[in-house]
Every structure is written in C-alpha cells, then in structure tokens.
Amino acid sequence: WAFATTGVSHSVLFKKIGDHVAGLASLDSFNSQNLSSTAWAYATGRLSHRRLFEKLVTEAAVLKDDFVQTQHIANFLWACSTVGYTDERQFSTFAPVIAVKLAQCNEQGLANIGWAYSVAIVPSQDLFNGCFTRAYASRQSAFSDEGLAQLHQWQLWQQELKSGIELPLPLQEKCRMSFISTSHSESKLQNDVVRELKAAGFDLDEEVLLGSGYRIDALVKVGDG
C-alpha cells in the first residue's frame, strides 16, 4: 500500500509479495481492510497478478459481511475491475451488501462502485435503482471530475442495457462534459495509421467526438457515407 501510495511501482517486489500471498494456505490473518488495501495497491500500480487476485476474491467472498466500511468495498471492486479480474459471482455477492450501506458511501465510493460494475458488466436490480441514482444526485456538487467521468460511463452502460435508470439530465450533462474534457494524447501508432490511410487516398476526419463522449482516432468516409 505504501509503495503504491507514493507512486513507486516496484514490479519485482510486488511479484514476490503476490507470489507469497497467493501461495499461503489461507488468508485467515487478513481482515477486510487488508484485502482491500492489497488489491488497491496492485491496481494503482497497474500490476496484475491473477493468482493473487483469485486468492483475495475467494477470501473476500467469505468475509463480505465483515466489510464494515463501504470504502473498503468500493476500493476492492475498483481494483478488481482496473486489473481486469471481474468475477461475476463476486460482484453479484457484494451488490446486496452495498445496497444496505448506500447511505454510508461517499461520492468517490459511489463513482468507483458504479464504474467497477459497468466494467465488470454485472447488472444488479438490487443495487442499481432509484435509491442509487438519488444517492448520486444528492452528492453531485461533491464529485471530482474523475468521479463525474466515471458516472458518465456508468450512465452509458445503463443506456446500453435499456434499464430505464437515468441520472437527472443536468447531472448527465455535467458528467458528459467532465468525460469529454479528459485529456487525451495521440500515439505514434495512431499517427502512423492515419498517415497510411491518407497515403492510400482515403478521406478521413481525425479525433471525431461522438455523442457518447468517446473519440474516434480516425473516421474514414467511404462512398457517399
């Protein structure tokens, strides 16, 4: 946790610790904060360790009712989604636990939870309902730009699901504006592809902003389209 917090990503150290924890016979000595902090540290350092996360998720399922602090739940689920370890059973197991603790969630926790479930693609009627959107709306002035961008992705997911669950329109627009304001940079690969397309005679537009808020690196026009 300390290494991740200070921005030091020591891959060799993290691998050794991950191998050690994954190889333990049990994680009886871990409480909910230990599980959450460990997962958070690897995700923050963008270091995936599948065997470690398998171990953490298995233990978290056993201790789900011991996750007293909603921040621990939010950080744990965010970490799993960030490294791509999205076990559907885990997310489904935590949904009712979060639902009864919704009032305890701060704005960043709410944003992390919504984003994590959208990445994991695990819809939950027990969790995502009018109570959840009202919790978002009641804290809209406190969300960071990053949190608002996460909420935008959650709202897009709800629209894709055709769930009928909608944030208030002013908040939706606020989230979208934060999302499209997120800085982006062109990659060498992108520039190489655009150059080759132009050399081949294609008519294209670069950095096209879609209604969803996502950008297309290069939009090729074919025929009369």
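Predicted model: local features only at pLDDT ≥ 70, side-chain atom pairs only at ≥ 80, totals over all residues.
View 1. Phe202 sits in the loop between α11 (188-199) and β1 (203-209). Its relative accessible area is 40%, and Phe202 therefore counts as partly exposed, a class that runs between 20% and 50%.

**View 2. The largest pocket and its lining.** The largest pocket holds about 210 Å³ of space. Its lining consists of 12 residues. Those nearest the centre of the pocket are Thr182, His184, Gly213, Tyr214 and Arg215. Helix α10 (169-180) and strand β2 (215-221) each give at least two residues to the lining. By type, the lining residues of this pocket are 3 nonpolar, 6 polar and 3 charged.

**View 3. Ile121, a loop residue with positive phi.** Ile121 lies in the loop that runs between α7 (107-120) and α8 (130-138). The phi angle of Ile121 is near 55°, which is a positive value in a residue other than glycine. Is Ile121 buried or exposed? Ile121 is exposed because its relative accessible area, 58%, is over the 50% cut-off.

**View 4. Glu207, a strand residue with positive phi.** Glu207 belongs to strand β1, which spans residues 203-209. Its phi angle is near 50°. Ile121 is found in a loop, whereas Glu207 is found in a strand.

Note on methods. Residues numbered from 1 in each chain as written. Heavy atoms only, no water. 1 Å grid on protein atoms, 1.4 Å probe; cavity = no way out; pocket = protein on both sides within 12 Å on 5 of 7 lines; lining within 4 Å. Points joined across faces, edges and corners; volume = space filled by probe spheres on them. Helix = DSSP H or I, 4+ residues; strand = E, 2+ residues; numbered from the N terminus. Nonpolar A, V, L, I, M, F, W, Y, C, P; charged D, E, K, R; others polar. Buried < 20%, exposed > 50% of the residue type's maximum accessible area, 1.4 Å probe, protein only.
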